[in-house]
Amino acid sequence: MRLRPIYYLNVFAPVALVLKFIDASAPLIFFSSALAVIPAAGLMSNATEQLSARSGPGIAGLLNVTFGNAPELIIAFFALLDGLQEVVKASLVGSIIGNSLLVLGASMLAGGWSRTRQRFDRTAAQSHSGLLLVTATALMLPAVLALVSGQGLPAVGQTRHAYGGTLEHLSLVISLVMIAIYVAGLFFSLRTHRELFAPAREAPSDDNPPSVRRSIITLAGAGVLVGVMSELLVGSIEHTSHSIGLSQFFVGAFIVAIIGNAAEHYVAVVVAAKDKMDLAVNIAIGSSAQIGLFVAPVLVILSFAFGPAPMALVLNGYELAGLILAVLISTTLIADGESTWFEGVQLLGVYLLVGVLFYYA
């Protein structure tokens with residue numbers, strides 16, 4: 001069986017542990033553990049696909065919710081435990097921006113380079129776009145209350161901004177509503193309108209798929225590896241950002257976000273190059289909506305039980321700007337059910353511009 005190139009990065013897992021044991025410099029620990037997360041995330045994704053292939057659509061949807069963005073959730077949870085709430089929010093927004101612009105843009109470029117245009121189901125794409133617009137709306141509301149009440153937005157250099165009970169409780173209520181919307185979206189795509197999403201959920205054929213037991217063991221082992229590497233990664237963020245001259249904000253929004261989504265990035269671009277644009281759009285936009293409507297609310301709820309204090313979903317001005325721009329341009333470009341390589345260039349260009357803005361923030 002031929003291994004995907006990303007699996008060769010598994011060698012960095014023992015390297016990261018050794019570097020931590022000998023108390024090496026923070027950047028070495030950070031980047032080695034970051035590289036080790038990528039193949040572990042790929043194994044989790046692959047094991048989830050294998051389990052989904054042996055189950056019905058309802059179980060497949062549940063597996064997708066539980067493990068689809070597990071690496072991002074695990075990394076963010078360890079950051080939450082360390083009190084790095086602004087890093088958590090930056091990584092969540094960075095994941096949404098990265099999926100909507102970088103992944104979708106790279107997929108359109110890879111798939112459209114040798115083709116005049118690629119087509120995908122408009123109804124499914126618009127459904128994902130609707131969820132993404134709802135995500136942006138929900139994530140903006142706490143900032144509106146913070147501004148109107150005169151509390152202001154969090155500063156870029158902050159680790160945690162204490163807003164008090166009102167905004168924390170608003171964030172909790174919004175999180176519960178977001179999860180309810182996401183569950184309704186699952187029911188829509190998996191039950192009442194399942195036929196519309198069948199092409200996007202097409203799994204790679206395998207004449208001899210691994211057993212359920214083997215897939216579960218792989219999933220559990222990869223999850224443990226992601227957890228260990230995430231703890232090393234989060235623990236070295238602060239010193240690494242100082243050493244390499246980048247803010248924790250930029251590291252969270254771009255480096256950590258890209259690492260957590262690397263396996264999905266790879267799959268989306270590969271399937272787009274094979275002219276399976278339905279699946280690529282589902283991965284890019286669907287994953288963005290899942291992060292906003294499921295991962296972010298779960299982290300808010302967890303913050304009430306873990307970490308130094310509850311996390312208010314108040315984004316800073318740069319995060320709000322990047323989120324709004326990413327959602328607007330990505331939903332606009334997929335609205336017609338067609339894509340070209342030049343549209344991919346446009347998305348990648350906007351991602352680069354947002355990255356430059358975050359760098360100078």
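Buried means under 20% relative accessible area, exposed over 50%, and partly exposed in between, with a 1.4 Å probe and protein chains only. The model is predicted: local features need pLDDT of at least 70, side-chain atom pairs count only at pLDDT 80 or more, and totals for chains, interfaces and linings use all residues. Residues are numbered from 1 along each chain as its sequence is written, and side-chain values use heavy atoms, without hydrogens and water.

**Exercise 1.** Classify E168 as buried or exposed, then list its contacts.

*Solution.* 
- Helices are DSSP runs of H or I with at least four residues, strands are runs of E with at least two, and numbering starts at the N terminus.
- Read the accessibility of E168: 13%, so E168 is buried.
- Find contacts, meaning heavy atoms within 4.5 Å. Leaving out residues up to four places away in sequence, E168 touches F304, P310 and A312.

**Exercise 2.** Describe the protein as a whole.

*Solution.* 
- Count the elements: 14 helices and two strands.
- Take burial next: 52% of the 361 residues count as buried.
- Check contacts between residues at least 6 apart in sequence: 85% join residues at least 24 apart.

**Exercise 3.** State where F342 is found and whether it is buried, partly exposed or exposed.

*Solution.* 
- Locate F342 in helix α14, residues 341-360.
- Apply the cut-offs: F342 has a relative accessible area of 46%, so F342 is partly exposed.
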